[in-house]
Amino acid sequence: MSMISTLLIKEKNRNESMIIEYTRELDILPKGTIKEKKVNDKIYYYLLFREGDKVITKYLGKNEESLSLIKEQLERRKQLERMLQKLKEEKIQIKKLETML
């Protein structure tokens, strides 16, 4: 086995394990966006997300400071989705290289 083939196999394994790890983390994190609604000069916060064809609205509370954890989780989700997309693109490149060897 050539050195290039060995490196390709290692990269393929790394890519697949990272895809699995990121997918698991995405399953745990919340999805959607935070929207605020003003009623009688009070602001209420809601998490909006889709489940199939339905749009689900989940009440988060009145206090903006308590939303920091949800905001961090939503930002982490966006980051993971971007990395997962790049990993899937890498996977396609790895498959192309495998056919060339």
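## Contacts along the chain and basis of the model

Among contacts in the protein chain between residues at least 6 apart in sequence, 46% join residues at least 24 apart. Here a contact means heavy atoms within 4.5 Å.

The structure is a predicted model, in which local features need pLDDT of at least 70 and side-chain atom pairs count only at pLDDT 80 or more, while totals for chains, interfaces and linings use all residues. Residues are numbered from 1 along each chain as its sequence is written, and side-chain values use heavy atoms, with hydrogens and water left out.

## Overall form

The protein chain contains two helices and three strands. Helices (H or I, at least four residues) and strands (E, at least two) are DSSP runs, numbered from the N terminus. Along the sequence these elements follow the pattern α-β-β-β-α. The radius of gyration of the protein chain is 20 Å, well over the 13 Å that the globule rule gives for 101 residues, so the chain is more spread out than a compact globule. This radius is taken over C-alpha atoms, and the globule rule is 2.2 Å times the number of residues to the power 0.38. Taken along the principal axes, the box filled by the C-alpha atoms is roughly 70 × 30 × 15 Å.

The accessible surface of the protein chain comes to about 8,100 Å², and 54% of this surface belongs to carbon and sulfur atoms. Accessible areas come from the Shrake-Rupley method with a 1.4 Å probe; for residues, only the protein chains shown count as cover. Of the 101 residues, 21% count as buried. A residue is called buried under 20% relative accessible area, exposed over 50%, and partly exposed in between (1.4 Å probe, protein chains only).

## The sheet

The three strands form an open sheet in the order β1-β2-β3, with antiparallel pairing. Its edge strands are β1 (33-39) and β3 (54-61), each of which pairs on one side only. From one strand to the next, the twist averages 35°. Angles run from 0 to 180 degrees between N-to-C directions, and axes are lines fitted to C-alpha atoms, for helices over the stretch in contact. Strands of a sheet pair through backbone hydrogen bonds, either parallel or antiparallel.

Two strands are said to pair if DSSP finds at least two bridges between them. Strand β2 (residues 42-51) is joined to β1 by seven bridges, and seven bridges also join β2 to β3.

## The turns between strands

The hairpin of β1 and β2 has two residues between the strands. Asn 40 lies in this loop, and its phi is near 50°, a positive value in a residue other than glycine. Asp 41 is found in the loop between β1 and β2 and has a positive phi of about 65°, although it is not a glycine. Asn 40 is exposed, with a relative accessible area of 71%, and Asp 41 counts as exposed at 70%.

The hairpin of β2 and β3 has two residues between the strands, and here Gly 52 takes a positive phi near 70°.

The largest nonpolar core has seven residues: Ile 19, Tyr 22, Leu 26, Leu 29, Leu 80, Leu 84 and Leu 87. Helices α1 and α2 (68-100) each supply at least two residues of this core. A nonpolar core is a set of buried Ala, Val, Leu, Ile, Met, Phe, Trp, Tyr and Cys residues joined through side-chain atoms within 4.5 Å. In soluble globular proteins, nonpolar side chains tend to be buried together. Leaving aside neighbours within four places in sequence, Tyr 22 is in contact with Leu 80, Met 83, Leu 84 and Leu 87.

Asn 15 lies in helix α1 (residues 3-28) and is buried, with a relative accessible area of 1%. Beyond its neighbours within four places in sequence, Asn 15 is in contact with Leu 87, Glu 90, Lys 91 and Ile 94. In helix α2, Lys 71 counts as partly exposed at 41% relative accessibility. With neighbours within four places in sequence left aside, Lys 71 is in contact with Ile 34 and Glu 64. Lys 71 and Tyr 44 are 27 residues apart in sequence and 15 Å apart in space, C-alpha to C-alpha.
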